[in-house]
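Please read the points below with the model open beside you.

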Amino acid sequence: WTPSLAYVVGLITTDGNISNDGRHLSLTSSDLQLLRTFKKCLNLKANITNNPSSNINQKRSYRIQFGNVQLYNWLVKIGLCPNKTFKLKSLKIPKKVLRDFIRGHLDGDGSIITYVDRYLSYKNPKYVYQRLMVYLMSASKIHTEWLQSKIKENVQIHGAIQIKNFPKRENPSYVLKFSKKESLVLLKWIYYQKDLPCLERKYKIYKNYLFVL
């Protein structure tokens, strides 16, 4: 285990695909920078290509696919599997690299949200607040509860799990949501030093928020 490998596992857990052939793995994203970082972490020679399915929803995305039997078998051993979306449970992630895994999970299928709250400003112009929230998402309730428990165990924040339904989907998603105070604790924990592998646009949201505090 290394921090970079744990980060990669977080990405594969969310945006990755493990094929049924026992060999091939892939990652799909609309962020080229994220795929380039993924490629660098694993020292891959495979090319990043356009994802044909992105033509359906009109949002351009990209994909990297490669074969590695040893990595495939190891990922299965720690708890991942083909068709994992609804099957995800707990994963065997060492404590020393858990925050790197969480950072990958956030970059793959999470959000850092900031906004200015002026809801009560009609009562007093001073009632303007800088809000911050972090979301971690999964289609598996068990996996989301496991995430919540591991974060609480390591940084003593709890968050709240909410169910998100979609009009055209049979199954809901589960959102582990952190308020401002807890989000600051979580983000400080996962961005523990400079030059870590991460999705730069999300990291920038966090840094910009610290600047305006």
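1. The buried residues of α1 pack against β1 (16-18), β2 (24-29), α2, α4, α5 and α6 (141-155). Buried means under 20% relative accessible area with a 1.4 Å probe, protein chains only, and contact means heavy atoms within 4.5 Å. Helices (H or I, at least four residues) and strands (E, at least two) are DSSP runs, numbered from the N terminus. The buried residues of α1 are A6, Y7, V8, V9, G10, L11, I12, T13 and T14.

2. This is a predicted model, where local features need pLDDT of at least 70, side-chain atom pairs count only at pLDDT 80 or more, and totals for chains, interfaces and linings use all residues. Residues are numbered from 1 along each chain as its sequence is written, and side-chain values use heavy atoms, with hydrogens and water left out.

3. In α1, S4, L5, Y7, V8, L11 and I12 meet L34, T37, F38, C41 and L42 of α2. By class, this contact has nine nonpolar, two polar and no charged residues. Nonpolar covers Ala, Val, Leu, Ile, Met, Phe, Trp, Tyr, Cys and Pro; charged covers Asp, Glu, Lys and Arg; the others, Gly among them, are polar.

4. N43 lies in the loop between α2 (32-42) and β3 (48-50). N43 has a positive phi of about 55° although it is not a glycine. Most residues other than glycine have a negative phi.

5. N83 also has a positive phi, about 50°, and is not a glycine. Its place is the loop between α4 (69-78) and α5 (98-109).

How values were computed:
Buried means under 20% relative accessible area, exposed over 50%, partly exposed in between (1.4 Å probe, protein chains only).
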